[in-house]
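Visitor: Could you take me through this structure? I would like to begin with backbone details and then turn to packing.

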Amino acid sequence: MLAGVFGAVLLALTGCGIPAHTEVEVDGSGPAVAAGTASYRRDEPPTRTASGDDRAAFVRNFLSAAAGEPERAYERVKQFIAPENRARLQEKQGSEIAVNVVRLTEKPVITENANGLFSVRLPVQQVGLLRANGVLAPPVATETEYRFGLRGTVSPGQEGTEEAGLFVTNPPNVLLLSADALRQYYQARPVYFWSSDGSRLVPDQRYLPLAVPDERRVSEVVKWLIAGPSEWLSTGVSRLPDRTALINNAIETEDRWEVNLDLPGDDNRKLAQIGTQLAWSLPELNGQLQLTTRNQSRAAIPSLRQHRLEHPVYPGTDNPQRFTVYEGAVHPLAFLGEGSAPVPLAAEVNRDVLSAGLSRVDDQVLAALVVTAPGGRQRLATGSGAGRVQIVNPSPQTFGTVGRPIWLRSPDPRRPYGLVVADRRLWRFDDRGRMDPVPLNVAGPVTAVAASLDGHRIAVVIGGALHVASLNVDGGVVTAGPVRKVATSLTDLSAVDWAGENTLLLAGTAGRSAVYEVSIDGALQTALVADVGARVTHLAAYPTNPVVPLPSVLIMYEANGVAYRYPQRDTIRRDQVLDVTPPPSGGRAGSPTAPFFLF
């Protein structure tokens with residue numbers, strides 16, 4: 001079901017090969033992202049005494065105590081702290097409540113002291129600051145480790161009392177939450193804002209505590225929309241009108257929800273837009289929704305499920321088609337159980353190709369080809385056509401290296417734009433071969449770029465690290481908003497693509513070359529391929545999405561000149577490349593390279 005698909009979350013999958021204390025989930029036989037798995041269960045973190053005298057379990061529970069509804073976070077954490085030390089944790093109120101989400105880089109080190117007490121050292125990577133509105137903002141803290149003490153003695157007569165059990169002494173003066181606890185006690189879910197040009201909904205990742213009761217879930221999502229998008233996304237999307245407010249909580253009557261808003265201007269069109277935002281931001285609801293303003297303007301959605309079908313968040317596409325570059329030309333790939341299609345390029349333009357990016361907008365095909373140029377240089381050649389590209393326009397610039405070009409999924413086929421990395425800079429291009437540099441507010445060599453399905457967010461590898469930014473395409477000029485750095489366990493990143501609405505695929509190093517799936521804020525990680533065997537130089541995916549659901553993300557990548565596909569985990573062979581002439585007897589066949597999807 002569409003609503004179930006949209007509740008996709010990262011699963012904790014079984015497997016081996018990554019130490020448990022890295023907080024990286026290891027993919028087993030199943031998909032890393034599965035559709036329809038949101039359970040909406042309510043869950044509170046363990047109490048202080050739940051671990052008994054198990055010190056390691058106590059520390060894990062201490063790093064979970066801040067989970068849940070924000071207004072009770074300090075109360076829960078202070079239960080773990082020795083009474084004489086509770087004043088060290090200074091409380092904040094309301095929107096100022098924020099939790100430091102950390103990833104353990106090693107197992108906690110617990111050492112017994114000479115006085116019979118214990119010292120704890122937590123080596124961490126700072127992931128982000130979880131705010132009361134569900135946003136995981138960039139981290140503020142810079143600590144790479146935290147230290148505190150443990151005491152736990154029971155005097156005669158104290159057995160079974162509040163004084164029994166373990167306590168934290170000399171605690172950190174911040175609320176700490178492990179990435180594992182974030183995965184366990186929160187639901188990762190998107191809320192949607194209209195793009196700055198009003199053409200498309202753009203998802204914004206939020207975390208809803210599983211402890212929030214069902215009857216308050218709608219109200220929480222409405223408040224998130226009113227509060228506005230995450231800071232890094234704000235330049236690419238539109239906020240609700242200033243001074244919009246929720247009047248009382250949302251009310252449920254049988255299979256009908258009513259939301260009463262104070263909406264400045266009493267704009268029926270804006271109210272209808274908010275209704276579509278809520279329809280997608282509340283995918284678990286299928287019944288009626290009625291929006292009412294203080295001035296009694298109304299917008300009714302008789303069926304949220306039907307509204308989503310009639311107003312898809314992305315244009316519907318057929319199953320993706322696979323292509324590869326073989327001996328200087330783009331060719332289809334054929335796999336058992338999958339369809340294939342002819343290359344939508346005329347033969348005269350399908351030559352001297354090193355890598356390619358193709359896209360569809362209605363009946364138009366967009367082509368961006370990286371081709372060889374004189375003197376061992378490379379250049380971009382782009383074009384468009386109805387069903388087939390007959391002519392490509394070479395860019396006037398040539399470069400030492402050009403990365404995989406990607407098209408932005410614009411709803412307007414008359415104004416197609418794409419992005420590419422060339423000579424360690426980010427460039428914008430159109431279908432006429434024109435290229436212009438795209439300024440970024442972060443210095444460093446750019447080595448890879450990928451665009452989301454909505455076309456208004458990008459992931460960029462800068463200086464070997466992951467960054468994300470929003471895109472503004474107003475007036476036909478593509479500009480990138482402020483770049484946010486994302487913390488991951490992988491280093492020396494070499495490739496990136498989108499695995500879903502708010503998840504990314506990364507190729508990099510974690511002791512060995514690997515491919516991970518990572519949430520857009522870096523908090524949740526899954527190791528898909530823990531040991532590739534060589535540096536990944538090319539990565540392409542067809543992302544899971546709520547309009548054309550798939551059981552898992554489809555991935556193809558290249559390492560050491562060999563192309564692979566996932567989740568099958570096998571190589572892409574020459575005999576799976578269509579429309580090629582077999583080599584002469586005794587001749588050596590070429591290898592498929594730079595595989596990609598057309599959708």
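**Backbone, rings and helices**

Guide: Arg243 is located in the loop between α5 and β13 (245-246). Helices (H or I, at least four residues) and strands (E, at least two) are DSSP runs, numbered from the N terminus. This is a predicted model, in which local features need pLDDT of at least 70, side-chain atom pairs count only at pLDDT 80 or more, and totals for chains, interfaces and linings use all residues. Residues are numbered from 1 along each chain as its sequence is written, and side-chain values use heavy atoms, with hydrogens and water left out.

Visitor: What is the phi of Arg243?

Guide: Arg243 is not a glycine, yet its phi is positive, at about 75°. Most residues other than glycine have a negative phi, and most peptide bonds are trans.

Visitor: Is Arg243 buried or exposed?

Guide: Arg243 counts as exposed because its relative accessibility is 68%. The classes are buried under 20% relative accessible area, exposed over 50% and partly exposed in between (1.4 Å probe, protein chains only).

Visitor: Which loop holds Glu327, and what is its phi?

Guide: Glu327 sits in the loop between β18 (321-326) and β19 (329-332). Although Glu327 is not a glycine, its phi is positive, at about 50°. Glu327 counts as exposed, at 60% relative accessibility.

Visitor: Which residues does the cis peptide bond join?

Guide: The cis bond joins Tyr566 and Pro567, with omega about 15°. Pro567 belongs to the loop between β39 (562-566) and β40 (570-571).

Visitor: Changing topic, how many aromatic pairs are found in the whole structure?

Guide: The search finds nine aromatic pairs. Rings of Phe, Tyr and Trp (its six-membered ring) pair if their centres lie within 6.5 Å; planes under 30 degrees apart count as stacked, over 60 as edge-to-face and the rest as tilted. Phe399 and Trp427 form an edge-to-face pair, 5.3 Å centre to centre with 65° between the planes.

Visitor: Where do Phe399 and Trp427 lie?

Guide: Phe399 is in the loop between β23 (393-394) and β24 (406-407) and Trp427 is in strand β26 (residues 425-430), so their pair ties together parts 28 residues apart in sequence. Phe399 counts as buried at 5% relative accessibility, and Trp427 counts as buried at 10%.

Visitor: Which residues do ring pairs link into a cluster?

Guide: The cluster consists of Phe58, Phe62, Phe80 and Phe148, linked by ring pairs. Phe148 is also among the residues in contact with Thr169, along with Ala82, Asn85, Gly149, Leu150 and Arg151, leaving aside neighbours of Thr169 within four places in sequence. Contact means heavy atoms within 4.5 Å. Thr169 lies in strand β9 (residues 167-169) and is buried, with a relative accessible area of 14%.

Visitor: How do the axes of α5 and α6 cross?

Guide: The axes of helix α5 (residues 214-227) and helix α6 (residues 268-281) come within 11 Å and cross at roughly 125°. Axes are lines fitted to C-alpha atoms, for helices over the stretch in contact, and angles run from 0 to 180 degrees between N-to-C directions.

Visitor: Which residues meet there?

Guide: Val221, Val222 and Leu225 in α5 meet Gln277, Leu278 and Ser281 in α6.

Visitor: Finally, what about the chain overall?

Guide: The chain has seven helices and 41 strands. Of its 599 residues, 56% count as buried.
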